[in-house]
Amino acid sequence: MTAPVRRKVAALDHWHQATAVRQEWLEVGLATEPSDRPAAEAVISRLYGSHGRPRPQFLWADSPKQAFAHVTGVPGHHDLRRWLQPKEPPGRPPIAVDIAAGWSAMMAALDDAADHPDLDAPRRSKPDRASKTDGASKTDSAPKTDRAPKTGRDWPDLPPEQALQAGVPLRVVLRRGVRESLWQSLIAEIAVPVRAALGRPDHVPVCWYGQQDASWLAYYDTLRRLGLATYPPRAATRLDDWATLARSTGWWWPGEDICVLTERPAQHSPAVTYRDGWSPR
């Protein structure tokens, strides 16, 4: 068996394993059990502590609509982006800004560690990895796939197994087949309509999606579980905390003194409906 054939066989095996991990995270994203409040509060308390803040008071709501009425002191995405520019506004950043910056740094570290030769794809440019990003809103946009280095064009959009046979790098196949697939199911079809029902996107206070963050968590978890990435200890610990949050709760808004959290939905079909009966549709 030649080296290129062995590489394709290994890539197909990785993909088959990845589908099981993707299914696990889809189930997390669609879970309807009550939140694990102690687990969620413990992780968020650690997040606050890592940014020099005391444990906040926790306020739980049955839906994002109900939670929204209690959110105070949390910047909107427009304000958040101002804090993430090279020239920051005066004063101490809100805790939501610190969490977003920490999330961005973690993501850069995870991407840098995904360098297994079996992935065999061009890595992102250094400015993209190092730039500050809005950690709370970046997940609202579909993640970009790598482009073929010789042509500068997107790799062909094929079913995963056909893509691997056609020479599309495993990194691209995993990103499309795991991250982008779950983004469509959890963000585009659930989170985006919920945000739209709460108000204009730029004016809705910054929040994180809890279980629906499974869309990006699944991708990095897949790389680690398949042995395609060995993350630095600090980034790995942070990834584990975000994974615990996804498995524990719904949306959450970090304010300076009060963190508002939302219970998971009561159902997702025929439309997402929360425990108080509210639905964005």
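The bend at a residue is the angle between axes fitted to the seven residues ending there and the seven starting there. Keep that in mind for the first stop. This is a predicted model, in which local features need pLDDT of at least 70, side-chain atom pairs count only at pLDDT 80 or more, and totals for chains, interfaces and linings use all residues. Residues are numbered from 1 along each chain as its sequence is written, and side-chain values use heavy atoms, leaving out hydrogens and water.

**Stop 1: helix α8**

Select residues 170–198, which form α8. Helices (DSSP runs of H or I, at least four residues) and strands (runs of E, at least two) are numbered from the N terminus. Center on Ile 187, where α8 bends by about 40°. Then step just past the helix to Gly 199, which has a positive phi of about 145°.

**Stop 2: the nonpolar core**

Now show Trp 25, Leu 174, Leu 223, Trp 242 and Trp 252: among the 81 residues of the largest nonpolar core, these touch the most other members. Such a core is a set of buried Ala, Val, Leu, Ile, Met, Phe, Trp, Tyr and Cys residues joined through side-chain atoms within 4.5 Å; buried means under 20% relative accessible area, with a 1.4 Å probe and protein chains only. Helix α8 gives the most to this core, with 13 residues. Zoom in on Leu 174: its contacts (heavy atoms within 4.5 Å) include Trp 15, Leu 119, Tyr 219 and Leu 223.

**Stop 3: the strands**

Next, select β3, residues 258–262. Four of its five residues are buried, so this strand is largely enclosed by the rest of the structure. Strands pair if DSSP finds at least two bridges between them. On one side, β1 (residues 57–61) runs parallel to β3 and is joined to it by five bridges; find Trp 60, whose bridge partner is Leu 261. Strand β2 runs antiparallel to β3, with three bridges, and a hairpin of three residues connects the two. Pro 254 stands opposite Cys 259.

While you are there, color the cysteines: Cys 259 is buried at 0% relative accessible area, and Cys 207 is buried at 0% too. The structure holds zero disulfides (cysteine sulfur pairs within 2.5 Å).

**Stop 4: Thr 249**

Finish in the loop between α10 (233–248) and β2 (252–254), where Thr 249 lies. Is Thr 249 buried or exposed? Its relative accessibility is 0%, so Thr 249 counts as buried. Draw the distance from its side chain to the backbone oxygen of Thr 262: 3.4 Å. Leaving aside residues up to four places away in sequence, Thr 249 also touches residues including Ser 35, Trp 60, Gln 211 and Arg 264.

Methods: Buried means under 20% relative accessible area, exposed over 50%, partly exposed in between (1.4 Å probe, protein chains only). A polar contact is a pair of N or O atoms within 3.5 Å; within protein, one must be able to donate a hydrogen and the other to accept it, and residues adjacent in sequence count only if both atoms are side-chain atoms.
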